[in-house]
Amino acid sequence: MIQKKYEWNIEYESHHIKVTCWYDLREEPFKGGGELLVDEEIIDSWGLIIPEGDKPIVSANRVNDKIRFLNIYAAGAFKPKLSVEVNGTFIYQDKLNMFDRYFLKNPKLVKKMKKWTGM
């Protein structure tokens, strides 16, 4: 079926934030995950998830002297889209298309996806 890898690189006040994610839907059970790195140091990682848009996929506190709070939100119907929040301000947001917005506004669809993937 499908195997994909994605990477985002964002600069914030001389710090480099990198978010990676991957998934492999070629065999069951499905596999996937991701990592959050700041200045090439792994801050957090996660396994395969169905992003819900309004809940962060990862939250980190006291990352360094300039990043007190860091939240990563994900959404997307066909491809992952990210929003990065640092210290209460969104510093990066991918643009959502109409399919992404439809997916976010239909929690029943999210539940069906979770059931289909076994999550």
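At 41% relative accessibility, Phe90 counts as partly exposed, where buried means under 20% relative accessible area, exposed over 50%, and partly exposed in between (1.4 Å probe, protein chains only). Tyr73, at 16% relative accessibility, counts as buried. The model is predicted: local features need pLDDT of at least 70, side-chain atom pairs count only at pLDDT 80 or more, and totals for chains, interfaces and linings use all residues. Residues are numbered from 1 along each chain as its sequence is written, and side-chain values use heavy atoms, with hydrogens and water left out.

A pair of aromatic rings is described by the distance of the centres and the angle of the planes. Rings of Phe, Tyr and Trp (its six-membered ring) pair if their centres lie within 6.5 Å; planes under 30 degrees apart count as stacked, over 60 as edge-to-face and the rest as tilted. By this rule the count comes to 3 aromatic pairs. In one of them, the ring centres of Tyr6 and Trp8 are 6.2 Å apart and the planes stand at 25°, so the pair is stacked. Tyr6 and Trp8 are both buried. For Tyr73 and Phe90, the centres are 5.7 Å apart and the planes are at 45°, so this pair is tilted. Because Tyr73 lies in strand β6 and Phe90 in strand β8, the pair ties together parts that are 17 residues apart in sequence. Ring pairs also link Tyr6, Trp8 and Tyr23 into a cluster.

Strands (E, at least two residues) are DSSP runs, numbered from the N terminus, and two strands pair if DSSP finds at least two bridges between them. Between β5 and strand β6 (residues 69-75), the antiparallel pairing runs over 4 bridges. Asn61 stands opposite Phe69 in β6.

Strand β7 (residues 81-86) contains Glu85. Glu85 is buried yet has no salt bridge (a side-chain nitrogen of Lys or Arg within 4 Å of a carboxyl oxygen of Asp or Glu). The nearest side chain of opposite charge, Arg68, is 10 Å away from Glu85; Lys and Arg count as positive and Asp and Glu as negative, while His and the chain ends are not counted. The side chain of Glu85 does make a polar contact with the side chain of Tyr73, at 3.1 Å. A polar contact is a pair of N or O atoms within 3.5 Å; within protein, one must be able to donate a hydrogen and the other to accept it, and residues adjacent in sequence count only if both atoms are side-chain atoms.
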